[in-house]
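Open the model in your viewer and keep the sequence panel beside it. The stops below say what to select and what to look for there.

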Amino acid sequence: MGQFTNLTAADGFTFPAYVAQPTGQPKGGLVVLQEIFGVNAHIRAVADGYAADGYFVVAPSTFHRVKTGVELGYAEADMQAGMALKAAVEALPAPGVMPDIQAAIDHAGQAGKVGIVGYCWGGLLTWRAASALNGLSAAVPYYGGGMTTEAEAARQPRVPVMAHFGEQDHWIPLDSVRAFEKAQPGVTVHVYAANHGFNCDHRGAWNAEAAKLARERTLAFLAQHLG
């Protein structure tokens, strides 16, 4: 359904993004932010799924500034490689990868109002985008690693946010989720009887029931704020 295209950030940096288009008039634009595994088969499938629901979807390669062509699986070696790449991006001088996400938002904007959905590290970047970037109307982070820390929870989102977490997530302790909820009373927080990565049907943590419910809630939220 989709294909890669090159986008250019405000600083002139060019990077690839997977773009999936709906059949017929789009309901709006949607940016999908990758996990630490790159814009791999799973993220492309997620993008295709949202396109099938009527959105013009843009999934930027947020690793491209540190390594090109990243497409990892879910084995331990892939996990280690992905974590190293994430650390390299996080270590970039400010504003880091945010201009690339802004360029993806701007590209998605040709379809109308724009939402953003991200998973794992992409969830953290989605939360940051909600408070720092322009052109968004809604944000949905899934188990954003690090977003429940005190520093991240202090951010002030500019758009409505719905956040999904798993209560069995050993990367994001439940007490930190509750603290985030307290710090961000305006954010809709959903917690599932599931582990980190529960939306990904390519890994052992996949929880079909939680993934289905979270997706239904996400689509309703997007429909409310994007149309």
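**Stop one: a glutamine in a loop**

Select T62 and Q34: the backbone nitrogen of T62 lies 3.3 Å from a polar atom of the Q34 side chain. A polar contact here is a pair of N or O atoms within 3.5 Å; within protein, one must be able to donate a hydrogen and the other to accept it, and residues adjacent in sequence count only if both atoms are side-chain atoms.

This is a predicted model, in which local features need pLDDT of at least 70 and side-chain atom pairs count only at pLDDT 80 or more, while totals for chains, interfaces and linings use all residues. Residues are numbered from 1 along each chain as its sequence is written, and side-chain values use heavy atoms, with hydrogens and water left out.

Q34 sits in the loop between β3 (28-33) and α1 (41-52). Helices (H or I, at least four residues) and strands (E, at least two) are DSSP runs, numbered from the N terminus. Is Q34 buried or exposed? Its relative accessible area is 0%, so Q34 is buried. Buried means under 20% relative accessible area, exposed over 50%, and partly exposed in between (1.4 Å probe, protein chains only).

Now show what surrounds Q34. Apart from neighbours within four places in sequence, its contacts (heavy atoms within 4.5 Å) are V39, I43, P60, S61, T62, F63, Y119, W121 and G122.

**Stop two: the nonpolar core**

Select V32, Y50, V57, I101, Y119 and Y142. Of the 77 residues in the largest nonpolar core, these touch the most other members. Such a core is a set of buried Ala, Val, Leu, Ile, Met, Phe, Trp, Tyr and Cys residues joined through side-chain atoms within 4.5 Å. Zoom in on V32: leaving aside neighbours within four places in sequence, V32 is in contact with I43, V46, Y50, V57, V58, A59, P60, V117 and Y119.

**Stop three: salt bridges**

The structure holds 10 salt bridges, each a side-chain nitrogen of Lys or Arg within 4 Å of a carboxyl oxygen of Asp or Glu. Begin with R65 and D11, whose closest N and O atoms are 3.0 Å apart. R65 is in the loop between β4 (55-60) and α2 (76-90), and D11 in the loop between β1 (2-8) and β2 (14-20), so this pair ties together parts 54 residues apart in sequence. R65 is partly exposed, at 22% relative accessibility.

Move to R128 and E152, which form a salt bridge of 3.0 Å, N to O. R128 counts as buried at 16%, and E152 is buried at 9%.

Through shared partners, salt bridges join E90, R128, E152 and R155 into one network.

**Stop four: helix α6**

Select residues 174-183, helix α6, and colour its buried residues, S176, V177 and F180. Viewed down the axis, they fall within an arc of 105° (taken from the directions from the helix axis to the C-beta atoms), so they line one face of the helix. These buried residues pack against α4, α5, β7 (162-166) and β8 (188-192). On the other side of α6, D175 and K182 are exposed.
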